[in-house]
Amino acid sequence: MELTLTPMSEQELAPLRESLEEVYAEDLAAHRGLTPQAARERSASQLRELLPAGVATEGALLRVARVDDTEVGWIWVTLPGTPGAADKGSRAWIHNIEVHPAHRGRGHARRMIQLMEAELAQLGVPELGLNVFGTNTVAIGLYRSLGFEVAAQQMVKRLDPAD
């Protein structure tokens, strides 16, 4: 039972787009103070900008994770110097990593990142970054255990409306 990453097909991406847009919109509304409508519009716009040609988008690595013949999750990474990269320098960027609920807690996310790191190293990419919401303590623990370090931090304080 070895996990492998294979290039995602357009047929595999299609059902993920709606969910990806919805989940990102929920995160924007919850953590960035956007209205649900504004969050949905921003999420849809960013997804169109980042994946204009779907799986054929230059610089976008969309991979499906499988154990034997069973799909267990997927990962999306943008190469440096392409739209969606954290900077135009040398850092690739994890946009999304997901392990399907029935397969969580088995080390699949860890292995997906390790395999992506190996692929990026083969491409000569020296650095990999990601964003994680501060409330996602499980993911933060995983990323730290893989050697990720905090490079920036945003803080928020909720204010009560004036009466």
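Glu21 lies in helix α1, where helices (H or I, at least four residues) and strands (E, at least two) are DSSP runs numbered from the N terminus. The model is predicted, so that local features need pLDDT of at least 70 and side-chain atom pairs count only at pLDDT 80 or more, while totals for chains, interfaces and linings use all residues. Residues are numbered from 1 along each chain as its sequence is written, and side-chain values use heavy atoms, with hydrogens and water left out.

- Not counting residues up to four places away in sequence, Glu21 touches Arg40, Ser43, Ala44 and Leu47, contact being defined as heavy atoms within 4.5 Å.
- Arg17 also belongs to helix α1, which spans residues 10–32, and this residue is partly exposed, with a relative accessible area of 23%.
- With residues up to four places away in sequence again set aside, Arg17 touches Leu47, Leu51 and Gly54.
- The C-alpha atoms of Arg17 and Ala44 are separated by 9.1 Å, the two residues being 27 residues apart along the chain.

**Loop between β4 and α3: His103**

- His103 sits in the loop that runs between β4 (91–99) and α3 (108–122), and His103 is buried, with a relative accessible area of 17%.
- Apart from its neighbours within four places in sequence, His103 is in contact with Thr70, Glu71, Val72 and His108.

How values were computed:
Buried means under 20% relative accessible area, exposed over 50%, partly exposed in between (1.4 Å probe, protein chains only).
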